[in-house]
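Please look through the sequence and the structure before reading the solutions.

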Amino acid sequence: MTRPGRRARLVPWLAVLVLIVVAAVRPAAADGLAADETARILRHGPWPEPWRRDGGNRLSGDAAAAELGRALFFDPRLSAGGGVACATCHRPERAWADGLARSVGIARMDRNAPSLLDARGRRWFGWDGAADSLWAASLRPILEPGEMGGSVAGVAALLRADPHLSELHRRLPAPTGPTDDLALAVDAAKALAAFQETLTSGRTPFDRFRDGLAAGDAAAVARYPADALRGLRTFVGRGNCSLCHAGPAFSHGEFEDVGVGYFLERGRVDPGRAGGVERLRASPFTRLGRWNDGGDATATRHLDPQHRDFGLFRVPSLRNVAATAPYMHDGRLATLADVVRHYSEVDEERLHADGSRLVRPLRLGPTEQADLVAFLRTLSPE
Ligand code: HEC
Ligand code: HEC
């Protein structure tokens, strides 16, 4: 056996040395982040996400429809008694939510009003996913007795009788079928959806940090506050938060259990996703019904009611979360600090036995909790 020359023996050692130097220098360049942490952070962007019109709504992306939708959104005449508009509970100055724990229309509702910002990107609508399109989620509140208490005939009559609304409606691409009352009410809902598609949220300090990280822009990375960065590392790391609050919208769009109770007053419970699947399957206004203008119905077709759906709620997006207090499906937590404390101390007894095992009490110290809140605050535009 011939012994390798001195130079040949040095080569592997040099390679190891280079690796050590690279490993030591690289994190300093990206604010102490390990490569896998960086990868997990990058998955929360870029923002905004590309959007495609809803193939199930012939008015999706139509500017004239959005104009009609805007007029309807602020019009209380859609409700029984004429006192409640969409904007009563989805207020523009409150990030299109209402700031109440549980919304009040004709009666008090069981749930917290979600922000409508970026709603166009969702797959299921409502905390329980009882609607599979933005337009169906816009028809539901009009007809719900305790919410707006309106009717199909009432919406149709309004569209026919009001000169401004009927003129706006005439400008829309014509429907393929007859224009009876029901078709007019569905058109109103589809126009409301076209309007809500225009409600999108802007870029945030987090996005500037994330894009700086992607581009190797050290100055942009350095501008991100140190406490928010520590909170972000908990979010993508030990906190497991990004398993559910995943992707650019900070939600994977499906339903989970994080140990928030589902009891309403007087022994009533909110069945969450289990009730949502039931309502969706009973509704004529889904992608499986005749009002679908050609959108993909696969996900709806494959829905299958399961016992373990009980008490699951949709993972909310965390964009603009600082502006949409109070929190959770029934608004039971008043502040972001309360939410973080919930995850820190979550009662494992409350998690469903067969639910996901992604949530465990994190036992965060006061500074760690404050850091996580500081991070969540960087998800709103300045
Ligand atoms: C009385 C208050 C109230 C009124 C009025 C109201 N909403 Fe809502 N909205 C809510 C609440 C509460 C929810 C959550 C419902 C649920 O989870 O079942 C909701 C959910 C939604 C959603 C689903 C959002 C998401 O992220 O899943 C859309 C879309 C929506 N509303 C649009 C409208 C439109 C359009 C109108 C008017 C036609 C309207 N809402 C009227 C309170 C209201
Ligand atoms: C198992 C999936 C899952 C994990 C892990 C998770 N969440 Fe959530 N998150 C949810 C669900 C589901 C809700 C809504 C629960 C409800 O209303 O009952 C929620 C609600 C929230 C809300 C309230 C938003 C609103 O608009 O009401 C915030 C803030 C939040 N989570 C932050 C976090 C943070 C921070 C972590 C990590 C410490 C985390 N979440 C981990 C699924 C998850």
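A salt bridge is a side-chain nitrogen of Lys or Arg within 4 Å of a carboxyl oxygen of Asp or Glu. This is a predicted model, in which local features need pLDDT of at least 70 and side-chain atom pairs count only at pLDDT 80 or more, while totals for chains, interfaces and linings use all residues. Residues are numbered from 1 along each chain as its sequence is written, chains are lettered from A and ligands numbered from 1 in the order in which they are written, and side-chain values use heavy atoms, with hydrogens and water left out.

**Exercise 1.** Describe the salt bridge between Arg208 and Glu382, and state which parts of the chain the pair ties together.

Solution. The side chains of Arg208 and Glu382 meet at 2.5 Å, N to O. Arg208 belongs to helix α9 (residues 205-215) and Glu382 to the segment after α16 (366-377), so the pair ties together parts that are 174 residues apart in sequence; helices here are DSSP runs (H or I, at least four residues) and strands likewise (E, at least two), numbered from the N terminus. For accessibility, buried means under 20% relative accessible area, exposed over 50%, and partly exposed in between (1.4 Å probe, protein chains only). Arg208, at 37%, is therefore partly exposed, whereas Glu382, at 80%, is exposed.

**Exercise 2.** Which protein donors hold the iron atom of ligand 2, and what is the geometry of its site?

Solution. Donors are N, O and S atoms within 2.8 Å of the metal (3.2 Å for Na, K and Ca), and because water is not among the atoms, sites may look incomplete. The protein donors of the iron atom are His245 (NE2) and Tyr343 (OH), which lie 1.9 to 2.1 Å from it. His245 is in the loop between α12 (241-244) and β1 (255-256) and Tyr343 in helix α15 (residues 336-345), 98 residues apart. His245 is buried at 10% relative accessibility, while Tyr343 is partly exposed at 21%. Four donors count as tetrahedral if all angles lie between 85 and 135 degrees; four count as square planar and six as octahedral if opposite donors are over 155 degrees apart and all others between 65 and 115; anything else is irregular. With 6 donor atoms and angles of 86 to 180° among them, the site of the iron atom of ligand 2 is octahedral.
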